[in-house]
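Subject: Structure handover

Hello,

Here is the structure I said I would pass on. My notes on what was found in it come after it.

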Amino acid sequence: MGDLTNQLEASLKSKLDELPPLSSYCCIYKVPENLRTINEAAYRPWVVSIGPFHRKDERLHRMEEQKLRYLLSFMNRCQNQNLGSYIELIKEQEVVIRQFYAEKIELSSYEFTEMVLLDSAFTIEVFLRNYFPQLVEENDQIFHRPGMVVEVSRDMKLIENQLPFFILELLYDSAFKRESESSPSLLDITCKFFSLPPVTMSGIKHFVDFLRTSLIPLPPRPKPENKQKLHFHITATDLHEAGVKFVASKSRSLLDIEFTKGTLKIPPLNLEDITESFFRNLMVFEQCHYYFDSYIIDYITLLHFLINTPEDVEILVQKGIIKNWLANNVEVSNLFNSMFRQIKLADSNFYYSTLCQKLNEYYYTPWRRQRAILKQKYFNHPWAVISFIYATVLLLLTIIQVTCGVTSNIRTTSGSPYGEYLL
């Protein structure tokens with residue numbers, strides 16, 4: 001028994017000694033299994049592996065040769081540095097880079113450094129060629145192949161397909177010393193690649209974090225007025241029938257949704273084949289890293305509440321709020337219902353809690369709903385209005401005619417010699 005105790009004690013001590021410390025840098029996660037099983041394809045790269053998680057995927061090995069070609073171009077652009085200096089720069093940061101990943105990376109220092117250099121040079125070269133089209137070579141296998149840039153961009157938005165932004169910035173700044181303020185920074189060429197306006201942003205963790213931050217409206221989230229559990233089960237059709245007007249907002253922030261004076265303003269949303277993957281990866285990042293400060297999850301949750309059927313989708317499509325490039329409205333309603341599955345909502349800090357409260361108060365006011373039903377049933381067309389007015393006038397004339405007739409009869413009867421008997 002003593003030997004068994006000693007062996008177990010030694011084994012556990014060894015495991016405890018090897019246990020890595022929890023790092024504040026950790027921000028690149030594997031997708032939780034309960035979310036992955038809903039739509040695994042949304043989290044898997046199509047054409048390129050960036051970082052360690054999909055490095056062994058044989059489907060993506062074709063891009064490894066292109067990474068070498070882009071590394072060569074990268075080296076030719078920065079004559080002031082040699083390959084060894086970039087290797088040393090990455091090796092100096094290796095411990096920190098590894099701490100960005102939530103999973104232990106089972107790669108040797110040699111393999112890890114090579115991966116970071118190749119993936120970083122590839123990323124920077126893609127961004128540079130997008131920013132400066134004149135840099136694109138005649139036989140470029142990415143920019144001269146239809147759709148390839150879109151697929152690479154899509155893969156760079158996956159939470160499992162990330163490099164720390166700081167190492168990209170170190171390599172870029174080391175290679176390209178900014179000669180003037182007009183020279184683009186890494187942030188500048190990143191914004192251009194992801195079709196975003198130039199921004200001033202610091203503390204970027206990786207591209208998914210960058211994209212999430214770019215969507216967050218300013219000023220920051222107000223604190224909820226109460227911590228009550230969220231109760232909102234009203235669809236777009238319900239609100240429409242209650243008289244709510246839907247308007248496509250002109251706000252530049254996708255999350256800027258407002259409800260004032262019976263009008264719900266929602267910024268337009270383009271729905272394409274890659275939209276689901278984009279939002280799912282942002283949601284996973286928030287679920288793992290910003291659970292009590294989620295914006296994207298709250299946005300998708302609100303749309304999930306509003307969209308339950310194809311009829312709900314049709315209302316938003318007609319108002320220009322949803323620009324549907326998918327197959328049909330059924331696919332859109334299924335999309336929002338499926339994206340909400342297995343998502344844990346921190347409803348005590350729900351970004352749209354005040355908005356939902358206003359919509360509840362409006363919808364559950366009885367006279368508003370009755371007025372809306374009357375308006376939609378009888379005043380939804382100019383001819384209906386004319387018919388109603390005609391019927392009203394006809395009714396009034398009939399009443400006047402009957403009244404006049406009754407009055408005339410009374411006067412005639414009063415003047416008759418038999419009046420007192422008749423009365």
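Phenylalanine 122 touches Val48, Ile50, Met63, Gln66, Lys67, Tyr70, Ile142, Val152 and Met156, leaving out residues up to four places away in sequence; contact here means heavy atoms within 4.5 Å. Phe122 also belongs to the largest nonpolar core, which has 115 residues, and is listed with Phe74, Leu264 and Tyr299 as touching the most other members. Helix H6 gives this core its largest share, 11 residues. A nonpolar core is a set of buried Ala, Val, Leu, Ile, Met, Phe, Trp, Tyr and Cys residues joined through side-chain atoms within 4.5 Å. Buried means under 20% relative accessible area, exposed over 50%, and partly exposed in between (1.4 Å probe, protein chains only).

Please keep in mind that this is a predicted model: local features need pLDDT of at least 70 and side-chain atom pairs count only at pLDDT 80 or more, while totals for chains, interfaces and linings use all residues. Residues are numbered from 1 along each chain as its sequence is written, and side-chain values use heavy atoms, with hydrogens and water left out.

The chain as a whole

The protein chain has 19 helices and five strands. Both are DSSP runs numbered from the N terminus, helices being H or I with at least four residues and strands E with at least two. Of the 423 residues in the protein chain, 43% are buried. Among contacts between residues at least 6 apart in sequence, 71% join residues at least 24 apart. The accessible surface is about 24200 Å², and 56% of that belongs to carbon and sulfur atoms. These areas come from the Shrake-Rupley method with a 1.4 Å probe; for residues, only the protein chains shown count as cover.

Salt bridges

How many salt bridges does a search of the whole structure find? The search finds 15, a salt bridge being a side-chain nitrogen of Lys or Arg within 4 Å of a carboxyl oxygen of Asp or Glu. One of them joins lysine 67 and aspartate 119, at 2.7 Å from N to O. This pair links distant parts of the chain, with lysine 67 in helix H3 (residues 62-77) and aspartate 119 in helix H6, 52 residues apart. Lysine 67 is buried, with a relative accessible area of 1%, and aspartate 119 is buried at 3%.

Glutamate 286 forms another salt bridge, with arginine 212; their closest N and O atoms are 2.8 Å apart. Here too the pair links distant parts of the chain: glutamate 286 is in helix H12 (residues 275-289) and arginine 212 in helix H10, 74 residues apart. Glutamate 286 counts as buried because its relative accessibility is 0%, and arginine 212 counts as buried at 3%. Salt bridges that share partners also join Arg77, Glu125, Arg129, Glu137 and Asp140 into one network.

Glutamate 94 and arginine 98 meet in a salt bridge with closest N and O atoms 3.0 Å apart. Both lie in helix H5 (residues 94-99), four residues apart, which is about one turn of the helix. Glutamate 94 is buried at 11% relative accessible area, whereas arginine 98 is partly exposed at 21%.

Helix H9 (residues 186-193) is mostly covered, with six of its eight residues buried. The buried ones are Leu186, Leu187, Ile189, Thr190, Cys191 and Phe193. Their cover includes helix H6 (109-131), helix H7 (148-155), helix H8 (165-175) and helix H10 (207-215). Serine 195, which follows H9, has a positive phi near 60°.

Cysteine 356 sits in helix H16 (residues 353-363) and counts as buried at 1% relative accessibility. Apart from neighbours within four places in sequence, cysteine 356 is in contact with Leu230, Phe232, Leu302 and Phe350. Cysteine 356 and leucine 230 are 126 residues apart in sequence, yet 8.5 Å apart in space, C-alpha to C-alpha.

Strands

Strand S1 (residues 245-248) runs parallel to strand S3 (residues 263-266), joined by four bridges. Two strands pair if DSSP finds at least two bridges between them. In this pairing, alanine 248 stands opposite isoleucine 266. Strand S2 (residues 258-260) pairs with S3 in the antiparallel sense over three bridges, and phenylalanine 259 has leucine 264 as its bridge partner in S3. The hairpin of S2 and S3 has two residues between the strands, and lysine 261 takes a positive phi near 50° there.

Regards
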